[in-house]
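Dear colleague,

I am handing over the structure below, and the notes that follow it set out what was found. Please read them with the structure open beside you.

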Amino acid sequence: LLRWNEVRYSKKGLPPGTMGWPLFGETTEFLKQGPNFLKTQRARYGSFFKSHILGCPTIVSMDPELNRYILMNESKGLVPGYPKSMLDILGKCNIAAVHGSTHKYMRGALLSLISPTLIKDQLLPKIDDFMRSHLSNWENKVINIQHKTKEMAFLSTLKQIAGMESSSISNSFMTEFFKLVLGTLSLPIDLPATNYRRGFQARKNIVNIVSKILEERRASNESYKDMLGSLMGKNDCKYKLSDEEIIDLVITLIYSGYETVSTTSMMAVKYLHDHPKALEELRKEHSAIRESKNPNDPIDYNDLKSMKFTRAVIFETSRLATIVNGVLRKTTQDMELNGYLIPKGWRIYVYTREINYDPFLYPNPLIFNPWRWLDKSLESQNYFLIFGGGTRLCPGKELAIAEISTFLHYFVTRYRWEEVGGDKLMKFPRVQAPNGLHIRVSSLNNN
Ligand code: HEM
């Protein structure tokens, strides 16, 4: 069977590599050995090789320059190639499902909600208000920081979208959203009790919740200063979206920022715990900001811009933990890439993980060293792909930094913490603590 499968994919012009077993390909090796499997294949076949993973013939590209080229050239037929379960559940107007002019329009609508001016005037005050109360009364408790950061990422975004505080609606929305996330990461098997079926049902429930909010708002004639308010704005909004598009945009916003922001926050807590010098420097930055204010004054935009070391901690955490291993594209036509012929419909795994550990780009790459990012030019290098690149460069980058920075502000100025210990951390295929990451928290002022 192995041989037959290799012959089947031995078309002239394809990149080197192996295809594994019919149907399953090399998925087991990929999931079990993760990055090591890809590194071994690279050692054998170079930085551009073929494989068959997660149900699809796939080209793995690990070359930084080629990766950038692929991300810049969507118009040549290199469109997002996310799995079916993800696209089904996130909706057909979801940003990853649309291309060309529709993508431009949806992206424009999204960017209009998170511009620097809006972050400054509307979003940051909401984020501050949320973090201030979310991070209260943690002292003298054992906290599962993974759970808390997940709640935080979801509820803080919901507040920005619909001005919603913790309530029965936001809690049922959160329960449904967690099911939706699991569904997008599952195999698309539509049978009762599968995560896929549950995720799909959760989507329907979320559509109902948001539709109801839209109806109520239309009936009330009030104007709302939040993202939904802008999207529904009749005359002053440049982007006119249907209800279906508004709902899919809401799901896009929550989904894209959820795991990225929560996991980066959790891993920052982990790395800061393990590196007291970095924690001391970070605390110094935040204490100085706090001392210049009254206890109830919020963090403002100038404070945020002054948090140079915090920004460095966020980048170093994203780099070292590799929260995003890479992004997926697929070919819409047969095409030539890097001197090879790639058939239509093949997936391309733009694998960026190894760049993060390249000793020439990041000396001592396995050491947590936020100071390296104080050299601002590192952030604008061509190989910096932590937030993607090209036409789909993460539009939420600065918003994510605002959220994580505000979280860290209240966390390090209010508390000290130690790990309870023994919690397992997985780095691949997703960064997560399967049984939670537990910390014992005490008040900073009690010592
Ligand atoms: C540390 C936090 C974050 C990281 C590391 C991150 C990373 C990324 C990456 C790598 C991509 C490129 C995906 C691709 O090319 O297929 C991306 C796209 C995207 N991100 Fe983020 N992201 C973060 C936070 C956020 C937040 C808070 C939002 C909310 C607004 C967001 C919204 C999006 C959207 C909508 C896209 C798709 C853009 C498009 O297709 O045009 N991200 N992000």
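**Notes on the model**

Pro83 lies in the loop that runs between β3 and α5 (84–90), where helices (H or I, at least four residues) and strands (E, at least two) are DSSP runs numbered from the N terminus. This is a predicted model, in which local features need pLDDT of at least 70 and side-chain atom pairs count only at pLDDT 80 or more, while totals for chains, interfaces and linings use all residues. Residues are numbered from 1 along each chain as its sequence is written.

Pro83 counts as partly exposed because it has 17 C-beta neighbours inside 10 Å; by the definition used, a residue is buried if 20 or more other C-beta atoms, placed from the backbone, lie within 10 Å of its own, exposed if 12 or fewer, and partly exposed in between. Although Pro83 and Leu187 are 104 residues apart in sequence, their C-alpha atoms are 8.7 Å apart in space.

Leu87, in helix α5, is also partly exposed, with 17 other C-beta atoms within 10 Å. Leaving out residues up to four places away in sequence, Leu87 touches Tyr82, Asn94, Ala96 and Ala97, a contact being two residues whose C-beta atoms, placed from the backbone, lie within 7 Å. Leu87 and Asn73, by contrast, are 14 residues apart in sequence and 21 Å apart in space, C-alpha to C-alpha.

Turning to the sheets, five strands form an open sheet with mixed pairing, in the order β1-β2-β8-β5-β3, where two strands pair if DSSP finds at least two bridges between them. The edges are held by β1 (48–53) and β3 (78–80), each with a single partner strand, so one side of each is left without a neighbour in the sheet. Neighbouring strands of this sheet are turned by 35° against each other on average, direction ignored; axes are lines fitted to C-alpha atoms, for helices over the stretch in contact, and angles run from 0 to 180 degrees between N-to-C directions. Helix α4 (residues 64–72) packs on the sheet, where it touches β1, β2, β3, β5 (326–331) and β8 (347–351), and its direction makes about 125° with that of β8. Six bridges join β1 to β2 (residues 56–61), the two running antiparallel, and the bridge partner of Phe49 in β2 is Val60.

A further open sheet is made of three strands in the order β4-β10-β9, with antiparallel pairing. Its edge strands, β4 (141–144) and β9 (415–419), each pair on one side only. Four bridges join β4 to β10 (residues 438–443), and Lys141 stands opposite Val441 in β10.

Helix α16 (residues 397–414) is largely enclosed by the rest of the structure, because 14 of its 18 residues are buried.

Finally, Lys240, in the loop between α11 (227–232) and α12, is exposed, with 11 other C-beta atoms within 10 Å.

With best wishes
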